[in-house]
Amino acid sequence: KYTSTDNKGNKYEIVSSIGKIDLSNQDIIYMTDVKASIYFIDSEAIEIKSNFAKYNSKNYDTNFSENVLVTYEEHKIVSDNLDLFFEKHMAQIMNNLIYENNTTRLNADKIEIDLITKNSKIFMYNDQEKIIIDGKI
């Protein structure tokens, strides 16, 4: 379990059942069966689960992989990968991505989320492909 707090009081916590330190760079921890939470001072927490993660204990950047699940309020995102960049206050969720909320479901290649404003951008890798959006009943 690792916990950090930024200068604004937002907290990041990451927990795994197994952690292995990279012997060539002891700031890197390879984690299995991962659960992470980002607790914001002024908004709801973001919860992240995945099979694996590569965590940098120096700058807190984390690369989640396999069966990634992100939940925030009524938003749910599943994907293959999520890269969390703390100094940039950015999350990039990508590959086999499905986003759902109470009214919409969409398939895309990548979502970028500003962790401060919660603004997001949705992308396809190929400009010729379209984001698939389905309304829910």
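A: **The nonpolar core and its strands**

The largest nonpolar core holds 30 residues, and those touching the most other members are Tyr12, Ile48, Phe64 and Leu84. At least two residues of this core come from each of β2, β3, β4 (46-56), β5 (62-72), β6 (75-85), β7 (90-100) and β8 (104-114). β3 gives the largest share, five residues. The model is predicted.

Apart from neighbours within four places in sequence, Tyr12 is in contact with Tyr2, Thr3 and Ser4, with Ala36, Ser37 and Ile38, and with Tyr55, Tyr60, Thr62, Phe64, Leu84 and Phe86. Two of these partners, Phe64 and Leu84, are also listed with Tyr12 among the core residues that touch the most other members.

Next, the strand pairing. Strand β2 (residues 11-21) runs antiparallel to β1 (residues 2-5), joined by four bridges; one pairs Thr5 with Lys11 in β2. Five residues separate β1 and β2 in their hairpin, and Gly9 in the turn has a positive phi of about 95°. β2 is also antiparallel to β3 (residues 28-39), here through ten bridges. Ile18 stands opposite Thr32 in β3, and the β2-β3 hairpin has six residues between its strands.

Ile122 lies in strand β9 (residues 120-123). Ile122 counts as partly exposed because its relative accessibility is 35%, between the limits of 20% for buried and 50% for exposed.

Key
Residues are numbered from 1 along each chain as its sequence is written. This is a predicted model: local features need pLDDT of at least 70, side-chain atom pairs count only at pLDDT 80 or more; totals for chains, interfaces and linings use all residues. Side-chain values use heavy atoms; hydrogens and water are left out. Two strands pair if DSSP finds at least two bridges between them. Buried means under 20% relative accessible area, exposed over 50%, partly exposed in between (1.4 Å probe, protein chains only). A nonpolar core is a set of buried Ala, Val, Leu, Ile, Met, Phe, Trp, Tyr and Cys residues joined through side-chain atoms within 4.5 Å. Contact means heavy atoms within 4.5 Å.
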